[in-house]
Amino acid sequence: MRKQILQAKGQSAKVHQTCEALRRMAREAGPGGQLPTIRALCSQLGVSLATMNSALALLERQKVLWRRHGSGIYVAETLHQRHIGVICDPVASFLFGASPFWSLLVENTHRQAQEQGLRISMHFAGDYPPRVLDYPHDPSPLSEDLIRSILDGSLHGVLSIGVEHSVTRWIEAQGVPVVSIAGPSNYIITQDYGTAARMGVEELARMGCRRIGLWQPVVNFYPSHIRRVRHAFDKAMRAQKLERDESLDAPEIAPHAGHKPSSMEAGYWGAMQFFDENASTRARRSRADWPDGVVIMDDMMAQGVFMALDQLGIK
């Protein structure tokens, strides 16, 4: 079925030309306006009934026109409304429940879209086939409806959350711009971790904290990234005239049996080793050696830390 949809992209030039002519007529008539009858349109544009029906069906999917049986062809009230699709990686359903960031992101996206008169639709990519990482363009993880929307031009832009590059490359190749978070595309939103570290130190200092630790999942971050964050954190500590004590930082959770710990696992096991007074590990600290504030640079790591603290009964 996906193959048939992709083949539909090569629709006849006649249908494409008819669509363009009907779009011009729709813009002239304006939202809510009425177009001539199908037979009058066929005569005016010099096309067959089959071509006209194909063009009208396509424009109906694109929310340009709509047909009312026995009444006529009308221009959609949402003619000038742009359609943005939010496409999430398969694991995003888990992230939405685990981290407040993603839910806040989607809520704010919907709010801003409403304020700007945009239409938003939510989509989840399917599982990636084994070859997808090496394949330059691959829409196979996308649903049939989404592929059709991209190909027929009814989707005007995409916000991609954690979607693989082979998929975003394919979308961009169809002329649809993509902005990505936690994934690659021509336009990428990234977090300024240095500023986040500085703001964390400043807020904790304002609350009266003096023994502040830096926790970041070193296994999952590039060494250069880790160094930049530490530099920003150290600079912020000096600006607040606070002593920098690296023993307050998160213990490193090394890979075990070939398994690289996730950010959440690093936070959970790091906190269990650090704060469990009954643990027989070198990472364990007495309460007197605990930090009174921690800047955690990863939301999933923070979730793991909170789970451990809750299990240990530490508020």
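**Figure 1. Aromatic pairs in the predicted model, centred on Phe275.** The count of aromatic pairs in this predicted model comes to 6. In the pair formed by Phe274 and Phe275, the ring centres are 4.9 Å apart and the planes meet at 55 degrees, so the pair is classed as tilted. Both Phe274 and Phe275 are buried. Phe275 also pairs with Trp290, here in an edge-to-face arrangement, with 5.1 Å from centre to centre and 85 degrees between the planes. This second pair links distant parts of the chain: Phe275 belongs to helix 11 (residues 263-275), whereas Trp290 lies in the loop between helix 11 and strand 10 (293-296), and the two are 15 residues apart. Trp290 is buried, as is Phe275. Through ring pairs, Trp215, Phe274, Phe275 and Trp290 are linked into a cluster.

Figure 2. Leu214 is placed in strand 9, which spans residues 212-215. Its relative accessibility is 3%, and because buried means under 20% relative accessible area, Leu214 counts as buried. Between Leu214 and Asp249 the C-alpha to C-alpha distance is 4.8 Å, although 35 residues separate them in sequence. When residues up to four places away in sequence are not counted, Leu214 touches Val229, Arg230, Phe233, Arg244, Asp249, Ala250, Val295 and Met297.

**Figure 3. The largest nonpolar core and the position of Leu35.** The largest nonpolar core holds 19 residues, of which Leu22, Leu35, Met52 and Leu65 touch the most other members. At least two residues of this core come from each of helix 2 (13-29), helix 3 (38-45), helix 4 (49-61) and strand 3 (72-75). Leu35 is in contact with Leu22, Met25, Ala26, Ala29, Leu65, Ile73 and Val75, once its neighbours within four places in sequence are left aside. Another core, of 15 residues, lies apart from this one and includes Leu151, Leu155, Val158 and Ile171. In soluble globular proteins, nonpolar side chains tend to be buried together.

Figure 4. An open sheet is formed by 3 strands in the order 1-3-2, with antiparallel pairing. The antiparallel pairing of strand 1 with strand 3 comprises 2 bridges. Gln34 has Tyr74 as its bridge partner in strand 3.

Figure 5. Strand 6 (residues 157-161) is paired with strand 7 (residues 178-181) in the parallel sense, over 4 bridges. From strand 6 the chain passes through helix 8 (residues 165-173) to strand 7, which makes a right-handed β-α-β crossover. Within helix 8, the buried residues include Ser166, Val167, Thr168, Trp170, Ile171 and Glu172. Gly175, with a positive phi near 85 degrees, follows helix 8. Strand 7 is in turn joined to strand 8 (residues 187-189) by 3 bridges, and these two strands run parallel. Val179 stands opposite Tyr187 of strand 8.

**Figure 6. Polar contacts of Ser185 in a loop.** Ser185 sits in the loop between strand 7 and strand 8. This residue has a relative accessible area of 10% and is therefore buried. The side chain of Ser185 is joined to that of Ser180 by a polar contact of 2.9 Å. The Ser185 side chain also reaches the backbone oxygen of Tyr187, at 2.6 Å. Leaving aside neighbours within four places in sequence, the residues in contact with Ser185 are His165, Thr168, Glu172, Val178, Val179 and Ser180.

**Figure 7. The protein chain as context for the close-up views.** The secondary structure of the protein chain comprises 12 helices and 10 strands. Of its 315 residues, 42% are buried. Among contacts between residues at least 6 apart in sequence, 65% join residues at least 24 apart.

Definitions and conventions
Residues are numbered from 1 along each chain as its sequence is written. This is a predicted model: local features need pLDDT of at least 70, side-chain atom pairs count only at pLDDT 80 or more; totals for chains, interfaces and linings use all residues. Side-chain values use heavy atoms; hydrogens and water are left out. A nonpolar core is a set of buried Ala, Val, Leu, Ile, Met, Phe, Trp, Tyr and Cys residues joined through side-chain atoms within 4.5 Å. Buried means under 20% relative accessible area, exposed over 50%, partly exposed in between (1.4 Å probe, protein chains only). Contact means heavy atoms within 4.5 Å. Two strands pair if DSSP finds at least two bridges between them. A crossover is right-handed if, with the strands pointing away from the viewer, the path from the first strand over the helix to the second runs clockwise. A polar contact is a pair of N or O atoms within 3.5 Å; within protein, one must be able to donate a hydrogen and the other to accept it, and residues adjacent in sequence count only if both atoms are side-chain atoms. Rings of Phe, Tyr and Trp (its six-membered ring) pair if their centres lie within 6.5 Å; planes under 30 degrees apart count as stacked, over 60 as edge-to-face and the rest as tilted.
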